[in-house]
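Please read the points below alongside the coordinates. They take the strands first, then the cavities, the aromatic rings and the backbone.

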Amino acid sequence: MPGGLGSSYRSLTGDVYRPTTVYNETKFSVLESMKKAFSFTSNQKSSEPLLNKDQAAVVSRKMPTSANAEKDALLGTMPSDSMDDIELKNIQMQFPSSKSFSRDDPSIEEVRVETDRGSLLVAVQGNRNKPAILTYHDLGLNYISNFQAFFNFSEMRVLLENFCVYHVNAPGQEEGAAAFPEDYEYPTMEELAAQLMFVLTHFGLRSVIGIGVGAGGNILARFALNNPDKMEALVLINVVSTQAGWIEWGYQKLNARHLRSKGMTQGVLDYLMWHHFGRGTEERNHDLVQVYRNYFEHRVQPGNLALFIDAYIRRSDLNMTRSLEPNKKECLTLSMPVMNITGALSPHMDDTVTLNSRLDPTNSSWMKISDCGMVLEEQPNKISEALRLFLQGLGYAVRVGRKRITTSTSVEGDTFILLPPPLYFRGENTGYMMKMSTSVDSVRSSQSVPGLQNNHWQINITENPISEAIVC
């Protein structure tokens, strides 16, 4: 007892939903407790007769404390129907999907672009007057299932305020696409890359920043090799630069045959899940796996996917070589900046290492994202941050996720001077190395900056990157 041996608890009468006991400094008495308990019940049921001594003794043995009496009094006030027995007959487990793909996005406009090998569906997202980003999807996917969740990520939405995105769908891979006729000849990988020139011409784009995943990245790389002036930079995710090996060729050939004859079989479904996520996906993200399994089973046109797979396994080698001579400017590789990304659990990680060995190390970087295979879906925060830094390195000043710089000196107006790489300078009082690059939009005249008279390094600035400057 909290109050010690010589104390008891006094029952409250009235509203039973208030605290029912309060501390009282009186001597402990069972009889007094029973009297108070039955006085409480007598107020609730005044018509019941009082108990005699024998009945009180029996009740005192069954209900030794006033708390039990009050509990029974509370239970007596409950409706009788709430105490009916309920029999549990069936249990059904449900796994609700945390994400679903929707084509009804008011911010996206779907446009048909005519090419020499049929029409392409291009989804335009953003203001067309802003710099262009062009995306291309992987096998079994389209612009919705491959990029919708990533570009709807909160940080990416802020980032895309500075750009316009053009999502290109491979022929017949969009949702609700009609099946191709039996005699239809699907374009090769080289022809799919050549179709992108029609897209750029249709929208009047001088150059684009490419983001490609898997087979789509291979198509963008082919287009960049043939048209280096049209591709400003490339982001390649899980991209293979070599031709198909015998094991890949055999599996994909079997998948294409099953898709034509039987539709989406379990074997094809398992291979697509492995192709995108790698192994052990069920343990990492069960909900995401269920979403994509359901998508592959019900929202993919099997015959059209079989044609796309055939074109992919018949791909040729990109024939890129890294120049071993530092002074040799002519090299058979991508000349624009490239960010090569893969997941640590992706089955294509070794292929991205091979691709990295064929790129120019001065303008390319290789990234391995841990604990994922499908990096855009499983690690969108890391990819969005890497993409932001990559775009800033190109000269596109986007302020997403950066802390505001606080200094004691401010700059009037929107003046921001950038020096051309690889020009560095060290602050006298800071000790930090800073790399600068020129900007046509912000530097109106190069006469005010020493060493820029003969330099025409062009970098695009979409907004004032910082409102305050650091004094070095």
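1. Strand β8 is mostly covered, with 6 of its 7 residues buried, where buried means under 20% relative accessible area, exposed means over 50% and partly exposed lies in between, for a 1.4 Å probe and protein chains only. Helices (H or I, at least four residues) and strands (E, at least two) are DSSP runs numbered from the N terminus. Strand β7 (residues 208-213) runs parallel to β8 and is joined to β8 by 6 bridges, two strands being paired if DSSP finds at least two bridges between them. Within this pairing, I209 has A233 of β8 as its bridge partner.

2. A word on provenance: this is a predicted model, in which local features need pLDDT of at least 70 and side-chain atom pairs count only at pLDDT 80 or more, while totals for chains, interfaces and linings use all residues. Residues are numbered from 1 along each chain as its sequence is written, and side-chain values use heavy atoms, with hydrogens and water left out.

3. Strand β6 (residues 164-168) is also mostly covered, as 5 of its 5 residues are buried. In a regular strand the side chains alternate between the two faces of the sheet. For β6 both faces are covered, with C164, Y166 and V168 buried on one side and V165 and H167 buried on the other. Strand β4 (residues 118-125) runs antiparallel to β6 and is joined to β6 by 4 bridges, V124 having Y166 as its bridge partner. Strand β5 (residues 132-136), by contrast in direction, pairs with β6 in the parallel sense over 5 bridges, and here A132 stands opposite C164.

4. How many cavities of 30 Å³ or more are there? The count comes to 3, a cavity being a set of points, on a 1 Å grid over the protein atoms alone, where a 1.4 Å probe fits but cannot get out, and lining residues being those with an atom within 4 Å of a point. Grid points are joined across faces, edges and corners, and a volume is the space filled by probe spheres set on the points.

5. The largest cavity holds about 90 Å³ of space, and among the residues that line this cavity are D138, N146, N238, H275, H276 and H348. Helices α9 (266-277) and α14 (375-378) each supply at least two residues of this lining. By class the lining has 5 nonpolar, 6 polar and 1 charged residues, where Ala, Val, Leu, Ile, Met, Phe, Trp, Tyr, Cys and Pro count as nonpolar, Asp, Glu, Lys and Arg as charged, and the others, Gly among them, as polar.

6. The second largest cavity has a volume of about 50 Å³, and its lining consists of F150, I211, V235, I237, M339, I341, L376, I383 and L387. The elements that give two or more residues to this lining are β8 (231-237), β9 (338-343) and α15 (380-393). By class, the lining of the second largest cavity divides into 9 nonpolar, no polar and no charged residues.

7. There are 14 aromatic pairs, with rings of Phe, Tyr and Trp (its six-membered ring) counted as paired if their centres lie within 6.5 Å, and with planes under 30 degrees apart called stacked, over 60 edge-to-face and the rest tilted. One of them is the edge-to-face pair of F180 and Y186, at 6.1 Å centre to centre and 70° between the planes; F180 is partly exposed at 23% relative accessibility, whereas Y186 is buried at 5%. The rings of Y251 and Y271 have their centres 5.7 Å apart and their planes at 25°, so this pair is stacked. Because Y251 lies in helix α8 (residues 246-261) and Y271 in helix α9, the pair ties together parts that are 20 residues apart in sequence. Y251 is partly exposed at 49%, while Y271 is buried at 11%.

8. Ring pairs also link F180, Y184, Y186 and F308 into a cluster. Separately, the charged end of R315 sits over the ring of Y312, 4.2 Å from its centre, a term that requires NZ of Lys or CZ of Arg within 6 Å of the ring centre and within 35 degrees of the ring normal.

9. Two backbone angles deserve a check. N319 has a positive phi of about 55° although it is not a glycine; N319 is placed in the loop between α12 (302-313) and β9 and counts as exposed at 55% relative accessibility. D371, also not a glycine, has a positive phi near 60°; D371 is placed in the loop between β10 (364-369) and α14 and counts as exposed at 57%.

Note on methods. 1 Å grid on protein atoms, 1.4 Å probe; cavity = no way out; pocket = protein on both sides within 12 Å on 5 of 7 lines; lining within 4 Å.
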